[in-house]
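Thanks for making time. I will go through the salt bridges first, then a hairpin and a surface patch. Please have the sequence and the model open.

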Amino acid sequence: MQRDGRWVHYHPDPYAGQPWNSNFIHQCLYKLSESGEPVNWRADRQPGQTLLAAGLKDTAALVNKPWQRTVGHYSHADMGSREIDGHRVTSSLASAVIDCDVVKTDLTRAASDHLPKVTTLDLSRLR
């Protein structure tokens with residue numbers, strides 16, 4: 001949420017401007033054309049909006065961390081660079097979040113097609 005009250009998503013829509021890929025089917029909202037082809041696809045933000053409405057906050061957004069991809073570094077990645085891994089905290093824990101970062105090393109890149117995130121908390125900030 002911007003200071004003026006406008007809603008802006010922290011993560012950009014990774015599918016905007018991408019050609020359709022059937023792997024998007026479980027991550028996108030779309031309409032079907034008359035011929036049955038997906039058109040007008042966009043990221044399905046409902047799961048994240050549900051978590052936010054339930055009071056869970058994205059730790060990277062809490063510390064205003066610049067966008068960092070967590071997938072899309074494998075040579076077979078055909079869905080583009082996306083930040084789909086993250087941490088959420090309750091409102092009561094939000095004040096303790098002091099950092100959130102993606103671990104980008106040769107080892108983490110070799111271990112998985114998803115890079116791990118680390119959230120740092122300062123529990124002394126809790127009241």
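Asp99 is partly exposed, at a relative accessible area of 27%. Partly exposed here is the range between buried, under 20% relative accessible area, and exposed, over 50%, with a 1.4 Å probe and protein chains only. The areas themselves come from the Shrake-Rupley method with a 1.4 Å probe, and for residues only the protein chains shown count as cover.

A word on the source: this is a predicted model, where local features need pLDDT of at least 70 and side-chain atom pairs count only at pLDDT 80 or more, while totals for chains, interfaces and linings use all residues. Residues are numbered from 1 along each chain as its sequence is written, and side-chain values use heavy atoms, with hydrogens and water left out.

Which residue does Asp99 form a salt bridge with? The partner is Lys65, and the closest N and O atoms are 2.9 Å apart. Asp99 sits in strand E5 (residues 97-102) and Lys65 in the loop between helix H2 (59-62) and strand E4 (88-89), so this pair links distant parts of the chain, 34 residues apart. Helices (H or I, at least four residues) and strands (E, at least two) are DSSP runs, numbered from the N terminus. A salt bridge means a side-chain nitrogen of Lys or Arg within 4 Å of a carboxyl oxygen of Asp or Glu.

How many salt bridges does a search of the whole structure find? It finds three. Another one joins the side chains of Glu83 and Lys117, at 2.5 Å from N to O. Glu83 is in the loop between H2 and E4, and Lys117 is in strand E6 (residues 117-121), so the pair ties together parts 34 residues apart in sequence. Both Glu83 and Lys117 are buried.

Arg125 and Asp122 also meet in a salt bridge, with 4.0 Å from N to O. Arg125 is partly exposed at 42% relative accessibility, and Asp122 is partly exposed at 26%.

Now the hairpin. E1 (28-32) pairs with strand E2 (residues 38-43) in the antiparallel sense over four bridges; pairing requires that DSSP finds at least two bridges between two strands. Lys31 stands opposite Val39 in E2. Five residues lie between the strands of this hairpin, and Gly36 takes a positive phi near 90 degrees.

Last, the surface. Ile25, Tyr30 and Leu32 make a nonpolar patch of about 280 Å². Patches take residues with over 30% relative accessible area and no salt bridge, joining like charges within 9 Å and nonpolar side chains (Val, Leu, Ile, Met, Phe, Trp, Tyr) within 5 Å. Ile25 is in the segment before E1 and is partly exposed, at 43%.
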